[in-house]
Amino acid sequence: MSYSDTKPAESRVSDTLARDRLGVAAVVFFVMSAAAPLTVVAGVVPTGLAVTGLTGIAGAFLAVAVVLAIFSVGYVAMARHISNAGAFYAYVSQGLGRPLGVGASWVALLAYNMFQVASYGGFGAIAEPLFADWFGVNAPWWVLGLAAWALVAVLGVRDVAVNGRVLATLLVAEILLTVVYAVAEITTDGFTSSTASLDPSTLTGAGAGALLVMAITGFVGFEQSVVFSEESRDPRRTVSRATYIAIALIAVLYAFASWAMISAAGADKVVERATAEGPELFFNLAAVPLGDAAIHLGHALFLTSLIAAMISFHNIISRYIFSLGREGVLPRVFGKTVPGTGAPKNGSLAQSAVGLAVIVVYAVMGWDPLVQLFFWGGTGGGLGVLLLVTLTAFAVIGFFARHPEGEDVLHRVIAPVIGAVLLLVMSYLAIDNIANLLGVEPGSTPALVVPLSFAVLFVAGILWALYLRTARPLVYNGIGLGARSAANSGGFSAALNEETR
């Protein structure tokens with residue numbers, strides 16, 4: 001009798017994510033919430049204008065969308081053959097080999113955790129003066145950050161459908177506000193439709209690397225559709241539809257809003273205004289026709305945009321941890337879910353512990369939560385995800401080279417190769433422009449530490465996989481297989497029971 005046959009009913013549920021919980025709309029909400037549309041439009045776009053001095057950000061968003069759409073042709077095709085909450089980890093493991101897959105998983109955990117903890121810093125720093133103005137509450141940033149952390153921690157152990165409903169509410173509100181404010185900016189006196197924001201020449205000149213990377217940072221989260229494949233209804237259709245819909249919506253929303261902002265401010269003045277006003281630029285321009293209330297409402301939804309991103313990134317991190325724990329790459333205690341809801345409880349608690357530790361350390365050390373946590377963490381996380389997407393593009397090529405059945409040449413060769421080449425160029429530009437992206441001097445500590453951290457973790461993950469191959473071959477053979485992992489199949493109950501004691 002196999003191990004699976006002897007497991008109690010409750011534990012059989014506790015190592016599986018909830019099935020049939022999410023439709024296309026719910027997955028799109030998770031994806032776009034991680035992308036944080038209002039945060040990007042009001043934060044990333046003005047920052048990109050100020051740092052690079054280039055006004056072609058709308059064109060950059062569209063160009064990046066095209067590259068990601070090309071990449072997604074092979075990506076979602078691979079999703080039809082692999083259903084695993086580990087996403088990048090599983091794909092790289094089965095496309096390029098288990099050691100590289102484990103290395104990719106460690107890079108993914110760092111990158112997404114950087115986004116997650118960055119959101120706590122951004123929320124606290126931005127909410128601190130607003131709460132003092134609105135409610136007369138003079139709380140330090142870390143108290144407000146802890147309040148957001150507690151909300152996310154509670155939702156993290158709830159049914160994924162509950163998280164989806166919360167995200168739907170927050171996301172619809174911020175998208176509507178972004179569209180309304182962009183339309184309002186078009187109606188301002190002096191508005192002149194400008195093609196400068198769509199000028200393709202800005203994507204080839206000096207600083208273009210920083211501009212492209214800032215644009216791709218705005219799309220981070222598009223890859224999450226695959227992470228929820230195990231919990232989706234009809235994953236073969238849900239994943240592909242959600243991915244393409246999210247990329248298209250994000251591209252159109254970002255390009256339209258940034259074009260409206262640049263045209264309303266004036267292409268010859270927008271860089272100066274972005275430098276002086278920063279994230280306030282988008283709200284200030286909308287306030288001209290809508291009144292000062294637009295600024296206050298914009299601030300409120302800016303905060304809820306960050307909360308939505310926190311919830312979304314928390315879910316993806318907990319599922320990565322769950323996937324690694326289920327297969328024994330991390331301690332198996334992380335591969336457990338809550339019976340009934342299917343929430344990856346221990347992975348969620350682990351991420352909450354990391355978030356709490358970072359908030360406490362920054363508070364005790366007195367470090368700047370806006371620049372040294374929010375800005376550096378978000379930028380560093382964007383670089384990590386870009387590197388992962390690039391590696392996954394090559395994994396798609398490798399997988400279909402060995403398993404060509406079921407897919408045509410466009411899905412398994414042409415699109416994956418073109419996407420991989422384009423992403424490789426973007427990754428080179430990102431690393432070459434890392435100092436500009438972080439706003440520091442070339443060769444300074446942050447400019448060196450961020451890319452080196454990913455490199456060190458990638459190598460460490462490879463070495464850990466090689467150790468598993470020798471010391472725990474049962475675990476090694478199941479790497480990247482998810483629910484089909486050798487560590488979850490029958491026929492070796494004694495070995496598994498011994499290993500999990």
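Let's start at Asn433, which sits in the loop between helix H18 (409-432) and helix H19 (434-438). By helix I mean a DSSP run of H or I with at least four residues, while a strand is a run of E with at least two, and both are numbered from the N terminus. Before going on, please keep in mind that this is a predicted model, where local features need pLDDT of at least 70, side-chain atom pairs count only at pLDDT 80 or more, and totals for chains, interfaces and linings use all residues. Residues are numbered from 1 along each chain as its sequence is written, and side-chain values use heavy atoms, with hydrogens and water left out.

Is Asn433 buried or exposed? Asn433 has 9% relative accessibility, so it counts as buried. Buried here means under 20% relative accessible area, exposed means over 50%, and partly exposed is in between, with a 1.4 Å probe and protein chains only. Leaving aside neighbours within four places in sequence, Asn433 is in contact with Gly209 and Ala210; contact means heavy atoms within 4.5 Å. Asn433 and Ala447 are 14 residues apart along the chain, and their C-alpha atoms are separated by 9.2 Å.

Now let's step back to the whole chain. How many helices and strands does the chain have? There are 22 helices and zero strands. The chain has 501 residues, and buried ones make up 57% of them. Among contacts with a separation of 6 or more, 82% come from residues 24 or more positions apart. The chain exposes about 18500 Å², and carbon and sulfur atoms supply 67% of that. Those areas come from the Shrake-Rupley method with a 1.4 Å probe, and for residues only the protein chains shown count as cover.

Next, a pair of helices. Two packed helices are described by the angle between their axes and the distance between the axes. Helix H8 (residues 141-156) packs with helix H16 (residues 345-365) at an angle of about 180 degrees, and their axes are 10 Å apart. The axes are lines fitted to C-alpha atoms, for helices over the stretch in contact, and angles run from 0 to 180 degrees between N-to-C directions. H8 and H16 are therefore roughly antiparallel to each other. For the cut-offs, under 35 degrees is roughly parallel, over 145 roughly antiparallel, 65 to 115 roughly perpendicular, and the rest oblique.

Who meets whom? On the H8 side we find residues including Trp141, Trp142 and Trp149, and on the H16 side residues including Ile359, Tyr362 and Ala363. The residues of this contact divide into nine nonpolar, five polar and no charged. Nonpolar covers Ala, Val, Leu, Ile, Met, Phe, Trp, Tyr, Cys and Pro; Asp, Glu, Lys and Arg are charged; the others, Gly among them, are polar.

Let's stay with Trp141 in H8. Trp141 counts as buried because its relative accessibility is 8%. The contacts of Trp141, leaving aside neighbours within four places in sequence, include Tyr120, Gly124, Glu128, Pro369 and Leu373. The C-alpha atoms of Trp141 and Gly124 are separated by 4.1 Å, although the two residues are 17 apart along the chain.

Gly124 itself is in helix H7. With 0% relative accessibility, Gly124 counts as buried. Not counting residues up to four places away in sequence, Gly124 touches Trp141, Leu144 and Gly145.

Ser119 also lies in helix H7 (residues 98-135). At 5% relative accessibility, Ser119 counts as buried too. Beyond its neighbours within four places in sequence, Ser119 is in contact with Leu306, Ala309 and Met310.

Last stop, the largest nonpolar core. That kind of core is a set of buried Ala, Val, Leu, Ile, Met, Phe, Trp, Tyr and Cys residues joined through side-chain atoms within 4.5 Å. Which of its 146 residues touch the most other members? They are Tyr112, Phe123, Phe219, Phe282 and Tyr320. Helix H15 (residues 293-326) gives the largest share of this core, 17 residues.

Take Phe123 from that list: not counting residues up to four places away in sequence, Phe123 touches Leu144, Ala148, Leu303, Leu306, Ile307 and Met310. Phe282 is one of the buried residues in helix H14 (residues 280-290), together with Leu281, Phe283, Leu285, Ala286 and Ala287. After H14 comes Gly291, with a positive phi near 95 degrees.
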